[in-house]
Amino acid sequence: MFGIFMESLVIFKLYTGLKFLFVLTLAAWFYLLVSEKNKNRRILFVYAPVLILLFFLFPISRKAFVASGLDGATYYRVLWTIPMGMITAYGACRLFDRHKRIGLVITAVLIILCGSFVYKSGYISKAENLYHLPDTVIEICELIHPEDADENIQVTVVVPEELVYFVRQYDSHIRMPYGREMIESQWDYYNEVHAAMEETDVIDLQNLIDACRKEYCQYIVLSKEREAEGDPQQLGLKFLADIDGYLVYLDPVSQKIVEEWTRYYEKDE
């Protein structure tokens, strides 16, 4: 039990960072503890955060969380329910209410100086278009599924991992043999196409094509940066385009099967 408690405590430390923003929240909480008279606000900003934190650190709570079928790696999300930002902002406004504007300005400056510029994050990049998606993905999607395409013909494509997140955001009609569930490490799934595409240092194109044909995947997108064994065109693929370092191929075998299925079902209807 003590070990579980210590693990939860470490998660809490990592979550808050124990930096100055957390100190501001703690100071605002103490101020509200002694000054806030409104019952509802006192419950929200004073009592609820303490109860949530105690629940989070209580070992049995974590065991119950995992036993209920939830992923233990996401236990930290319980801390999302603590309104740290609201406590800081509301406490600061209450504290400096007597000083009106100057107090609010000082608090805002403290919060800004103690934070970090979010646009410096490696997870944020300048938008290339109104869709906020890479131009490369949009060009690939429009190539394999143009606006005038027959909607009855299902389009399936396999792309490198770095593009997986974006394809269906732009065009939900495009299928993929695997998605985010194969990329995130916490899900230990197996997919034959993903194994052939990503789980080897050198892509064996014959294995990849065979796996894609089992999924009736008509389009294969390869990155020039990945080393591959075999010539795609000699193995039966048709080269369509080179889009920003990504080679787009059509597999006529899978395409023929999909078209025949489409005609069969249309005739049956």
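Q: Trp 80: buried or exposed?
A: Trp 80 counts as exposed, at 52% relative accessibility. Buried means under 20% relative accessible area, exposed over 50%, and partly exposed in between (1.4 Å probe, protein chains only).

Q: What sort of model is this?
A: This is a predicted model, where local features need pLDDT of at least 70 and side-chain atom pairs count only at pLDDT 80 or more, while totals for chains, interfaces and linings use all residues. Residues are numbered from 1 along each chain as its sequence is written, and side-chain values use heavy atoms, with hydrogens and water left out.

Q: OK, aromatics. How many pairs are there in the whole structure?
A: A search finds nine aromatic pairs. Rings of Phe, Tyr and Trp (its six-membered ring) pair if their centres lie within 6.5 Å; planes under 30 degrees apart are stacked, over 60 edge-to-face, and the rest tilted.

Q: What about Phe 56 and Tyr 75: stacked or edge-to-face?
A: Stacked, because the ring centres are 4.7 Å apart and the planes meet at 10°.

Q: Where do Phe 56 and Tyr 75 sit?
A: Phe 56 is in helix α3 (residues 39-57). Tyr 75 is in the loop between α4 (59-67) and α5 (84-95). They are 19 residues apart, so the pair links distant parts of the chain. Helices (H or I, at least four residues) and strands (E, at least two) are DSSP runs, numbered from the N terminus.

Q: Are those two buried or exposed?
A: Both Phe 56 and Tyr 75 are buried.

Q: Back to Trp 80. How does its ring sit against Tyr 76?
A: The centres are 5.8 Å apart and the planes are at 80°, so the pair is edge-to-face. Tyr 76 counts as partly exposed, at 29% relative accessibility.

Q: Which residues cluster with Phe 56?
A: Phe 56, Phe 65 and Tyr 75 form one aromatic cluster.

Q: Now α4. Which of its residues are buried?
A: Pro 59, Ser 61, Arg 62 and Phe 65. They cover an arc of only 160° around the axis, which puts them on the same side of α4. The arc is that of the directions from the helix axis to the C-beta atoms.

Q: What covers them?
A: The cover includes α1 (2-16) and α3.

Q: How do α1 and α4 cross?
A: Their axes come within 8 Å and cross at roughly 85°. That makes α1 roughly perpendicular to α4. Axes are lines fitted to C-alpha atoms, for helices over the stretch in contact, and angles run from 0 to 180 degrees between N-to-C directions. Under 35 degrees is roughly parallel, over 145 roughly antiparallel, 65 to 115 roughly perpendicular, and the rest oblique.

Q: Which residues make the contact?
A: From α1, Ile 4, Phe 5, Glu 7, Ser 8 and Ile 11; from α4, Pro 59, Arg 62 and Lys 63. Contact means heavy atoms within 4.5 Å.

Q: New topic: Glu 36. Where is it?
A: Glu 36 lies in the loop between α2 (20-35) and α3. Glu 36 is buried, with a relative accessible area of 3%.

Q: What does Glu 36 touch, leaving aside neighbours within four places in sequence?
A: Glu 36 is in contact with Tyr 31, Arg 41, Arg 42, Tyr 90 and Arg 94.

Q: Last one. What is the phi of His 132?
A: It is positive, about 60°, although His 132 is not a glycine. Most residues other than glycine have a negative phi. His 132 lies in the loop between α6 (100-114) and α7 (135-144), and is exposed, with a relative accessible area of 60%.
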